[in-house]
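Subject: Structure for your review

Dear colleague,

Please find below the structure that I am handing over to you. My findings follow it.

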Amino acid sequence: MPLDMTTVARVKALIIGLSASATTYDAELDRWIDQLSAAAEKHMNRVALAAAQTQFFDVRPSQAVFFMRATPVTAWTAVNNDDARTFGTSTVVDADNYATDDDVGKLEFDGVVLAPGPKTLKVTYTGGMAADTTAFVAAFPDIAGAMDVQIAHLHQRRGQLGAQSVSADGASISVDDPTKWLPVLKRALDAHLSAIDLPGLPL
C-alpha cells in the first residue's frame, strides 16, 4: 500500500468550520489521502515508502544506464545480469563494474557489457522517499501542503463531484470538476518526478 503523504489532522486544519476534534468526516478524508497518495506516486513514477526493493529491467543491446523507481537509494544490495534469468550467485555483477548516483537512483555500467534481453537485469536495493508519513511531511513539505489543499478542496465540494454545472438563483453555472488536480498539487509533484521522466537524461 502506498505511503500516506499527509494526515487527516493536517487536512482538517484547512477546512473552515470543521473542528479538529470532530470525527464525522475522518473516514472520508482518510480515503482521499489514500487515493491521492497512490495517484501521486504514479504521477511521479516513484515509490514513496522507503523499503527493500527488487526491480527487473529489460536490457537493450549496449544499454548501460538504468534508473530505480524508489529514490533516494540508501543501499545497493546486489546487481545480477543473467540472460537465463536464474540470477544465481555466478550472475552477480561486481561493484567495480558500475557507478551509482543515490539521489536519483542511477545505475551506470562502465566495466562490463550486459547480456541483453527482457528482464535480464535484477537490482536489489533499499530506497524510497520516506520511512513513514511524519518523515515524508518533513522531507517534502511542498507535496504534503499541496495534498492538504487538494483534499480540503475535495471535501468542501463533495456535493459537486462529477458535476459540470450547479444551479443557483434559478440559473445554471458551469463549474470545474472538483476531482481535477489543482495547479498547486501538480506543480509540487512535477518538482519531484523520477529521474527517468526528466528530459535530457541518457537511457
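Is the crossing of helix 4 and helix 5 left-handed or right-handed? In this predicted model, the two helices cross in a left-handed manner.

The geometry of this pair is as follows. Helix 4 covers residues 141-156, and helix 5 covers residues 183-190. The two pack at an angle of about 155°, and their axes are 8 Å apart. Because angles over 145 degrees count as roughly antiparallel, helix 4 and helix 5 are described as roughly antiparallel to each other.

Helix 5 also packs with helix 2, which spans residues 26-44. Here the angle is about 50°, with the axes 9 Å apart. Helix 2 and helix 5 are therefore oblique to each other. The crossing of helix 2 and helix 5 is right-handed.

With regard to the surface, a nonpolar patch is formed by Leu14, Val149 and Val184. Together these residues have about 200 Å² of accessible area. One of them, Val149, belongs to helix 4. Val149 has a relative accessible area of 35%, so this residue is classed as partly exposed.

As to the overall organisation, the protein contains 5 helices and 8 strands. Starting at the N terminus, the order of elements is α-α-β-β-β-β-β-β-α-α-β-β-α. Of the 203 residues in the protein, 38% are buried.

Yours sincerely

Conventions:
Residues numbered from 1 in each chain as written. Predicted model: local features only at pLDDT ≥ 70, side-chain atom pairs only at ≥ 80, totals over all residues. Heavy atoms only, no water. Patch = residues over 30% accessible without salt bridge, like charges linked within 9 Å, V, L, I, M, F, W, Y side chains within 5 Å. Areas by Shrake-Rupley, 256 points an atom, 1.4 Å probe, with all protein chains shown as cover. Salt bridge = Lys/Arg side-chain N within 4 Å of Asp/Glu carboxyl O. Helix = DSSP H or I, 4+ residues; strand = E, 2+ residues; numbered from the N terminus. Buried < 20%, exposed > 50% of the residue type's maximum accessible area, 1.4 Å probe, protein only. Axes fitted to C-alpha atoms, helices over the stretch in contact; angles between N-to-C directions. Parallel < 35°, antiparallel > 145°, perpendicular 65-115°, else oblique. Left-handed = near helix turned anticlockwise from the far one by under 90°.
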